[in-house]
Each structure stands twice: as structure tokens, then as C-alpha cells.
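Dear colleague,

I am passing on the structure below, followed by a few notes on what was found in it. Please read the notes with the model open beside them.

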Amino acid sequence: MSKIVKLSQENWSDLLTGMAKDYHIYAPIQYSNQQDYELLNEYNIKDIVYNHPKPATPLKTFLLPIKQNLVKDNRFKPSVILGIPACDLSAVNILSEIYLDKDFKDSAYEHRLENYIFIGSDCYSMQEHCHCTSYGFKPYPTENADIVLSRLDSTVFLQSLTPKGDKLIGLIESKVALVKALEEEINQINDKRERITHQLIEKNKDIPDYTKTGELIKQAKEEIWKRYADTCVSCGACATICPTCTCFLLIDRPGFEKVRQLDACQLPAFAHVAAGEDPLHELHVRFKNRYMCKYVWKPEKFDSVACTGCGRCIEACIGKINKNELFVELNRED
């Protein structure tokens with residue numbers, strides 16, 4: 001693993017200002033009580049949120065846009081995404097299993113993945129519904145990041161994990177002097193990581209793990225699905241905001257163009273077929289379908305975990321449905 005280097009926050013901000021001329025750089029910016037990715041410019045660099053979970057938009061939206069012209073979607077310059085939380089980086093595992101399958105490789109997804117540079121960010125705190133540790137993930141990047149960024153006071157620390165990260169660090173070194181991090185500084189970063197990890201584990205100790213959840217879902221009776229689905233309005237927000245849900249429609253356009261548009265299994269008529277048949281017509285059946293897909297069917301087909309514990313589906317739900325409360329209840333009844 002490469003060394004950890006550091007530079008001052010002031011130099012880092014100046015560096016981003018210069019890099020924004022050659023790259024599209026996206027970073028989380030705070031708005032009211034939430035943060036989301038914005039394209040950086042000289043005016044909003046000072047407003048970047050560091051080491052705090054989590055942007056409202058999942059990383060998947062950069063790789064699989066809500067609406068994407070698959071014929072023309074290959075004309076954008078290399079881009080940097082800064083401040084990606086570990087839950088979103090871990091979601092890339094299953095996205096790549098699906099879209100980079102050796103027999104059915106998606107060239108549009110592959111092109112975007114190759115042309116983005118991912119700068120992951122440690123989480124030094126947690127939000128109410130964060131539960132990454134319940135499914136075996138850490139609240140700091142361990143995979144799929146090109147560079148990991150941590151910050152202590154007014155100092156920014158960078159560690160490259162990939163050749164793309166090495167190249168970007170080399171570019172940074174050509175513009176700004178980088179210094180090797182001291183052992184005591186690395187220990188402070190690790191202490192912060194361990195502290196938040198333990199807090200997450202303790203807070204979510206009643207949530208069953210990924211495998212156990214799948215078993216509970218398969219055994220659950222119809223009554224509990226009806227009860228929890230009672231306030232669902234079929235808006236599809238849970239699936240749309242999820243970093244791993246990627247159902248889509250493929251729309252043909254004149255000129256042999258094909259447009260991929262994000263779809264969601266919670267939307268009415270999602271499974272509607274010819275002759276009017278719809279196996280997901282009933283609301284509670286449609287509601288259960290999403291959890292069966294995420295915790296039962298995907299583990300049967302893929303090696304990667306299909307829920308990374310970001311909690312966005314709970315936060316986005318208009319009906320105030322909390323999947324963690326559902327799983328805890330199922331676990332207690334087991």
C-alpha cells in the first residue's frame with residue numbers, strides 16, 4: 001500500500017481551483033440539512049464537505065445516469081468525483097458484476113468507470129440510518145477508490161490505491177509540495193476510523209447481518225409485508241436512491257438510438273406484461289419483491305452484497321418505512 005502524503009487545506013483548495021480547468025470535479029456541498037454533489041468552481045470550493053456522510057445522490061448516478069443515450073454517451077472529458085463514502089464505493093462491486101459480465105459487457109458503463117477518478121472519503125460521524133457495518137463494510141474506503149482522502153484540522157491527507165490514483169498524485173506533486181504523513185497523524189486517522197466503526201456496530205447491534213436477513217425475508221409471513229407496506233405510496237424513491245438498484249427501461253429512438261432510463265420495481269405496472277398480467281400488482285407483493293431481490297435473489301446470482309447500509313432508502317421514504325425496523329422485528333420473531 002502506498003504512503004500517505006499531506007498538504008495544507010489552503011494548498012488543497014488552490015489545487016482544486018487549478019484542476020477544475022482540466023477536469024470536471026464533483027464534490028459534496030452542504031445545502032440546508034443535507035449535502036450533495038456539485039460541479040466545482042472557484043466559488044464553491046470553500047463549501048466542500050469533508051469526512052461527513054453522505055451525499056444525497058448515490059455514486060451509481062454517475063455510472064448509470066437516470067437517462068442515458070447509449071449511442072452517444074461517450075463524449076465527456078475525464079472527471080474526478082471527490083468525497084465518495086465507503087458505502088457507495090462498495091456498491092460498485094455489484095454494479096460491475098452486473099454490467100461488466102464477460103458475456104454481456106456494458107460498454108457505456110465501462111467507459112464511464114474508466115474515465116472517472118474516485119476520491120473516497122472517511123466518515124468521521126454517522127447519520128441516523130447509517131448501518132454499513134451490519135453488512136460487513138467499514139465507514140472508510142477499503143476498495144474501488146483511486147485515492148482515499150482524510151482530513152485532520154486544516155491538513156488534507158491523501159493515499160493512492162490504484163495506478164489512476166498514482167497518476168493523479170503525481171500531477172498534484174508537480175504543482176504542490178507534498179509531505180509524508182507522520183506516524184502520529186496516521187494513528188489519529190486510524191483512531192477516528194476505529195471510533196466510528198465501534199459506534200456504528202453498537203448502534204446497529206440488533207440489525208441482523210446480510211445472510212440472516214435473507215433467511216428471515218424468505219420465512220416472513222404475508223401479514224408483516226401488508227403491515228409495513230400500508231404507508232407505501234409506490235413512488236419508487238427507495239429503489240431510485242439506492243446505490244445498487246439498477247433496473248431500467250430501454251427505449252428505441254429514430255436513427256437506431258437507444259436510451260436507457262432508470263426504472264424501479266416499486267412503481268405501479270413495473271411488471272405489467274401483455275394481456276394485462278402483472279405479478280406485482282398488489283402493493284405488498286411489490287413491496288416484498290424489492291427485499292427478495294436485494295437479500296435473496298441477488299446473493300444467489302452474484303458474489304457481491306446488494307445492500308451497503310447507506311440508509312438512503314429509509315431517509316427518502318415518503319411513507320416513513322424503516323427497513324431496519326422490519327428486519328429487527330423479523331429477527332425477534334424468529
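Which residues lie nearest the centre of the largest cavity? Of the 19 residues that line it, these are Cys 238, Phe 287, Tyr 291, Cys 317 and Ile 321, where a cavity is a set of points on a 1 Å grid over the protein atoms alone at which a 1.4 Å probe fits but cannot get out, and lining residues have an atom within 4 Å of a point.

Please note that this is a predicted model, in which local features need pLDDT of at least 70 and side-chain atom pairs count only at pLDDT 80 or more, while totals for chains, interfaces and linings use all residues. Residues are numbered from 1 along each chain as its sequence is written, and side-chain values use heavy atoms, with hydrogens and water left out.

The largest cavity holds about 190 Å³ of space, and helix H10 (283-301) gives the most to its lining, with three residues; helices here are DSSP runs of H or I with at least four residues, and strands are runs of E with at least two.

The second largest cavity has a volume of about 110 Å³, and among the residues closest to its centre are Cys 87, Cys 123, Cys 130 and Cys 132.

There is also an open sheet of three strands in the order E4-E11-E10, with antiparallel pairing, for which DSSP must find at least two bridges between two strands. Strands E4 (67-69) and E10 (248-253) stand at the edges, each with a single partner strand, so one side of each is left without a neighbour in the sheet. E10 pairs with E11 (residues 257-262) over six bridges, and Ile 251 stands opposite Val 259 in E11.

Best wishes

Technical notes:
1 Å grid on protein atoms, 1.4 Å probe; cavity = no way out; pocket = protein on both sides within 12 Å on 5 of 7 lines; lining within 4 Å. Points joined across faces, edges and corners; volume = space filled by probe spheres on them.
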